[in-house]
Amino acid sequence: MADNSAVERGKDVKVPISPSIPSGNDTAWVDVSSILRRASDDIQSDELINGENFNLFAAMSALEIMDPKMDSGIVSTYYSVDEAIDNGAAPIPLSFDRTTDTQCVIDIMDHLLSCEATWHKGGSLAQTVFSCIYLLRPERTSSHALLHSFCRVVRTTCNAVVSTVSDVRTNEEEDLFVMAYGLPLKADGDEKCLSMLNAVEETLARQLKACKALSSKRRVLEDIEPLQGNLDFEEGFCRAVLCRLRFRKHFYHVLTCMRRPQGKGLEVAKKHILSCLSELDAMLKSEEFLRHTYACGISEDGLEDKTTASGRQPIGFDSTLNSRSAAPTPPRAIKLLSWKRAVNYFQKLLHDLEIICSNSLDPVFESALRFVVDFQKFEPDLVARAHIQHLLVQDGKLYGCEPIFSVICKAALLPEGAKNHELQKNETVVQLGQLVINLLRVLCTNTAWQRRKLGKILQDWRIIYVQLELAFRKEFGEITSTSTDQNMCLKICKHILIWVEEQTYSVALRFLVLGFELELYATSEYCMVYWYIYVILIRLTEKTHLRMMLSNESTGRRKSKKKRDIVNDMGKDYQIPPTVLLLQCYIYVAEGLMMMLASLRNENKLFLCVGPFNTEQERFMQQFELLQKAFVPDHSSYFSYRETISNARFSTLSMHNCFKDAQKIAQGLHGNFANDPDRMVELRRIEQVAEHNAVALNLVCRLGTLEPSLKISFEFVHHPHFAVASVKRS
């Protein structure tokens with residue numbers, strides 16, 4: 001107690017130190033447990049010791065938290081690259097036997113592929129690709145043409161990927177991805193990597209041709225030195241090396257072509273993508289030859305985790321080598337992807353890049369938005385997402401060619417001349433353009449990051465709407481020219497304000513439905529989620545329809561007709577647009593699910609939000625806090641939700657079946673979207689959801705009170721966002 005009072009008075013306290021533990025001639029261990037206990041007693045909650053040689057990073061690095069990207073360790077085989085080289089870790093040549101040397105080079109190529117795929121998946125560059133000692137000392141490989149050219153193109157490729165990801169700032173998702181730690185991403189002569197690779201490839205092609213001629217007993221036109229010493233293996237080794245070199249060459253071409261401005265290199269990139277996929281297939285075919293050429297006693301089960309096609313351990317790698325020289329990289333070794341998984345990763349990456357290359361580059365906001373959303377359904381990894389973002393936004397323009405104000409005018413269905421109006425120079429309109437660019441970039445991120453960002457930018461969209469209103473009033477009041485200019489300005493203001501509201505509700509809808517993809521909602525919360533989706537969809541449909549009607553008013557002025565002709569054309573002129581009808585389908589499905597869940601809660605006491613920790617109102621605020629803060633939509637609260645569902649009963653639902661209405665509209669839209677395969681797929685999904693839920697609703701209504709043996713559940717079997725009720729007997 002005396003010690004504690006002394007601490008409280010701010011005086012230094014002498015802490016008894018336990019006797020030293022004998023350890024050796026030069027070191028002694030001391031038990032400091034008592035010091036740590038007293039220090040911890042003196043620290044309040046949320047406080048941290050901070051000293052000249054101890055901070056938060058040091059504290060985190062000292063703890064193992066079971067995450068290889070964050071965990072730290074200090075076990076190293078070598079203290080420096082020079083020490084590793086002096087100890088023969090990366091010999092040049094790799095072997096004096098040319099056959100063994102070739103096999104070792106192939107193993108290095110395969111292991112580097114595994115390292116690169118692991119890096120793309122979020123690993124540290126220092127622990128993956130640059131665990132290769134040959135890459136850390138590029139000048140040492142100059143005497144080995146094959147290894148030297150391959151290392152150069154790998155290094156240049158990594159630099160190109162880092163450059164693309166850094167430019168579009170998608171590395172916020174994976175902080176480790178672009179950290180180079182002072183590693184030699186660039187070296188003198190790397191710009192000539194392709195010419196060196198082409199020279200080696202040409203030599204290998206001649207060697208392959210020569211060995212084919214010998215095997216068929218044809219006359220060899222030139223005297224070519226074979227790749228390695230065993231002529232029985234010559235063709236197999238030549239093919240194995242060639243496909244790996246050619247993959248590297250074409251992959252580098254893919255990356256450089258896709259970075260060309262305004263998508264001018266996409267067609268060429270597609271050709272190189274096909275070549276890459278062909279070479280990857282050839283690499284997979286070479287696996288059997290490499291595995292049986294040097295049987296190394298590895299069981300078939302163990303081969304699945306190996307990072308080389310042969311199953312052998314490559315030489316010239318040490319994942320712990322950069323742990324001391326390249327702080328702050330986490331030095332604990334990480335698990336690399338196997339060679340087969342690495343090949344599969346690159347096949348998936350190339351298919352994703354091929355989809356990007358198929359973009360029509362139509363500078364229409366809705367088309368770009370749909371393309372990104374559809375692309376995200378393939379679950380692309382970071383590198384592919386970086387490339388689609390680079391394509392979409394270049395120099396502050398859509399696809400690098402269409403000014404954002406022009407894109408907004410088209411999206412708001414304004415006349416062609418509106419894009420040149422002086423209003424585009426207004427500061428608030430410029431801010432709106434930045435918000436549109438930011439939205440496109442957010443949609444290119446991974447699903448979890450995307451949802452977080454969408455929730456946060458909702459407030460920005462609400463604020464920009466208010467700011468635009470004020471700016472347009474001021475702008476409209478300052479117009480002193482002809483009435484034509486006044487009318488054009490008024491039209492632009494009106495159209496843009498409606499479009500901004502529409503986009504706000506579209507962002508809110510995207511935010512809500514992503515929660516299903518991320519499995520953020522409990523079944524007991526589905527009722528409130530579908531209520532919110534229902535409310536958002538109503539507002540979105542209203543604004544979409546209003547925008548289209550305004551466009552029809554401005555572009556489709558009726559010519560003078562007889563009264564009888566006008567009456568006959570009324571139905572044609574006021575047909576609801578297919579896009580609005582599709583939204584109406586969603587409204588019916590969301591309303592049907594909300595009311596079905598509400599009826600189950602009210603009559604059968606199922607799917608209630610009860611628990612020892614959070615009330616239903618607290619859960620409502622947790623799920624929709626960002627929407628509520630942005631007032632999206634206005635006057636939507638927990639109490640309005642409760643008011644909507646409190647009187648829901650199956651007797652009422654049976655009289656007005658929303659699912660049948662949705663099914664009817666969806667079937668009628670087939671002709672409108674016959675040329676749009678994606679929309680046709682969506683319509684079929686909606687029909688299936690509506691049909692199955694209509695059957696389930698009729699069954700529950702007919703049974704009345706559910707028997708104890710009957711179990712009802714909600715599953716996402718036909719649509720990722722709209723559940724299907726399943727009634728089963730247990």
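Start by selecting Phe-516, Tyr-521, Tyr-526, Tyr-530, Tyr-586, Phe-716 and Phe-722, which together form one aromatic cluster. Rings of Phe, Tyr and Trp (its six-membered ring) pair here if their centres lie within 6.5 Å; planes under 30 degrees apart count as stacked, over 60 as edge-to-face and the rest as tilted.

This is a predicted model, in which local features need pLDDT of at least 70 and side-chain atom pairs count only at pLDDT 80 or more, while totals for chains, interfaces and linings use all residues. Residues are numbered from 1 along each chain as its sequence is written, and side-chain values use heavy atoms, with hydrogens and water left out.

Zoom out for the overall view. The protein has 27 helices and 7 strands; these are DSSP runs (helices H or I, at least four residues; strands E, at least two), numbered from the N terminus. Of the 730 residues, 49% are buried, where buried means under 20% relative accessible area, exposed over 50%, and partly exposed in between (1.4 Å probe, protein chains only).

A search of the whole structure finds 28 aromatic pairs. For one of them, select Trp-461 and Trp-499: the pair is edge-to-face, at 6.2 Å centre to centre and 65 degrees between the planes. It links distant parts of the chain, since Trp-461 is in helix α18 (residues 447–478) and Trp-499 in helix α19 (residues 483–517), 38 residues apart. Trp-461 is buried, with a relative accessible area of 0%, and Trp-499 is buried at 2%.

Next, select Phe-620 and Phe-624, another edge-to-face pair, with 5.0 Å centre to centre and 70 degrees between the planes. Both residues lie in helix α23 (residues 616–629), 4 residues apart, about one turn of the helix. Phe-620 counts as buried because its relative accessibility is 0%; Phe-624 is likewise buried at 0%.

Move to Arg-451, which lies over the face of Phe-511 at 4.0 Å from the ring centre. A charge sits over a ring if NZ of Lys or CZ of Arg is within 6 Å of the ring centre and within 35 degrees of the ring normal.

Finish at Val-32, in the loop between β2 (28–29) and α2 (33–42). Val-32 counts as partly exposed because its relative accessibility is 36%.
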